[in-house]
Amino acid sequence: MTQLETVHVPLGDRAYDVVIGEGLVANAGARIAPLLGKKKRVCVLTDERVAALHLETLRAGLAQSGIEMAALALPAGEATKCWAELSRAVEWLLTEKVERGDVVVAFGGGVIGDLGGFAAAILRRGVRFVQIPTTLLAQVDSSVGGKTGINAPHGKNLIGAFHQPSLVLADVSLLGSLSPRDYHSGYGEVVKYGLLGDAEFFDWLEANGAEAAAGDVAKRIHLVKRSVEMKAEIVARDETEQGDRALLNLGHTFCHALEAATGYSARLLHGEGVAIGCALAFELSARMGLCAQEDPSRVRAHLSQMGMKTDLSDIEGELPDADGLLDLMAQDKKVKDGQLRFILARGIGEAFVTSEVPKEQVRGVLIDALAAR
Ligand code: NAD
């Protein structure tokens with residue numbers, strides 16, 4: 001095993017470590033064993049794609065420490081974050097006789113982490129769970145911070161609970177089997193961290209992001225570590241999103257409207273929407289005179305250098321007009337008292353939360369972005 005990094009998430013009696021490195025799944029038992037009592041057994045929730053690729057490595061990694069494993073593989077994809085699959089997962093955990101003191105493992109991307117964490121939150125009024133995130137998005141974002149849940153017919157992530165994991169194992173060796181598109185989608189969230197609070201990290205990404213994408217392990221570890229540090233720091237300040245945690249939503253007001261407009265389909269993955277949303281948030285900030293005129297171009301230049309979706313023109317198929325997108329933004333759950341809340345920036349690495357955004361300015365940005373399609 002090469003270099004290992006640990007980021008502590010300081011949340012009092014809900015504090016935990018995020019361990020980042022290579023080969024963590026192959027040695028998972030050694031890290032999970034201290035969480036278990038006499039019963040050396042864990043129940044693992046995963047998806048069918050991850051199971052086919054990596055479940056046997058996890059089984060062997062647990063067996064090394066004498067831990068037995070039972071697993072349920074749900075279908076891969078966003079549609080799994082629904083009542084039917086949640087109920088299937090919870091019923092299965094009960095059939096497997098998971099008790100209050102046991103540990104559930106969520107082994108997959110953000111979909112499995114969100115659903116598995118929620119299942120653990122509601123099972124017997126809450127059992128502990130370990131996140132083993134297998135996508136870049138899940139390693140840098142969804143596995144840390146304790147937001148769990150499923151989607152409702154009314155919208156994404158509307159049903160859920162805050163439930164912090166007991167441990168997160170972010171094994172960067174798993175990223176090798178991701179499709180380039182899934183890797184890039186996660187990278188959208190990585191760029192977001194630089195843009196929202198760490199200009200030096202954004203500089204680093206400009207210089208090193210391509211090598212990390214090409215498979216450089218040390219660079220991948222650094223990129224995951226810095227992202228997790230930033231998320232941990234913000235979550236520790238504001239666990240349940242009363243204030244600062246909203247900074248993590250940079251790009252998300254635009255993103256959620258675009259995801260709704262594309263039917264939460266493969267036309268636009270979440271991280272792709274975040275990347276485009278960040279570019280639009282910087283465009284809006286520049287037009288409002290908050291940041292330098294060059295900043296939005298610099299954001300877009302890095303995204304396109306990485307081969308990522310950057311503009312509305314990169315989304316295939318029809319999109320609503322500017323007013324249609326504004327209506328979708330107004331339905332976002334971040335809307336408070338009917339006021340659109342935006343995360344804007346005074347420069348790269350200097351984001352802030354505001355409700356003082358004239359609708360006309362937003363409409364103007366959307367009209368121009370749509371006209372460029
Ligand atoms: P995902 O879980 O659907 O994974 C994407 C695809 O990659 C799936 O097909 C999956 O089977 C596959 N996959 C996973 N690991 C793989 C691997 N190692 N090799 C090959 N293929 C692999 O999606 P995601 O992008 O990881 O997560 C998106 C979800 O995360 C959304 O539901 C979003 O709402 C949620 N999210 C939650 C939070 C939070 O704070 N809880 C934050 C951001 C996003």
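Mentor: The second largest pocket has a lining of 13 residues, and Gly155, Lys156, Tyr264, Gln331 and Asp332 are those nearest its centre. Elements giving two or more residues to this lining are β8 (155-162) and α9 (252-261), with β8 supplying the largest share, four residues. This is a predicted model, in which local features need pLDDT of at least 70 and side-chain atom pairs count only at pLDDT 80 or more, while totals for chains, interfaces and linings use all residues. Residues are numbered from 1 along each chain as its sequence is written, and side-chain values use heavy atoms, with hydrogens and water left out.

Trainee: What counts as a pocket, and where does the second largest pocket lie?
Mentor: On a 1 Å grid over the protein atoms alone, a pocket is an open set of points where a 1.4 Å probe fits, with protein on both sides within 12 Å along at least five of seven lines, and lining residues have an atom within 4 Å of a point. Here the second largest pocket lies between domain 1 (5-177) and domain 2 (180-371), because both give residues to its lining; the domain bounds come from an automatic or database domain assignment.

Trainee: How many salt bridges are counted between domain 1 and domain 2?
Mentor: A salt bridge is a side-chain nitrogen of Lys or Arg within 4 Å of a carboxyl oxygen of Asp or Glu. The count between domain 1 and domain 2 is seven. Separately, Lys147 forms a salt bridge with Glu241, their closest N and O atoms being 2.6 Å apart.
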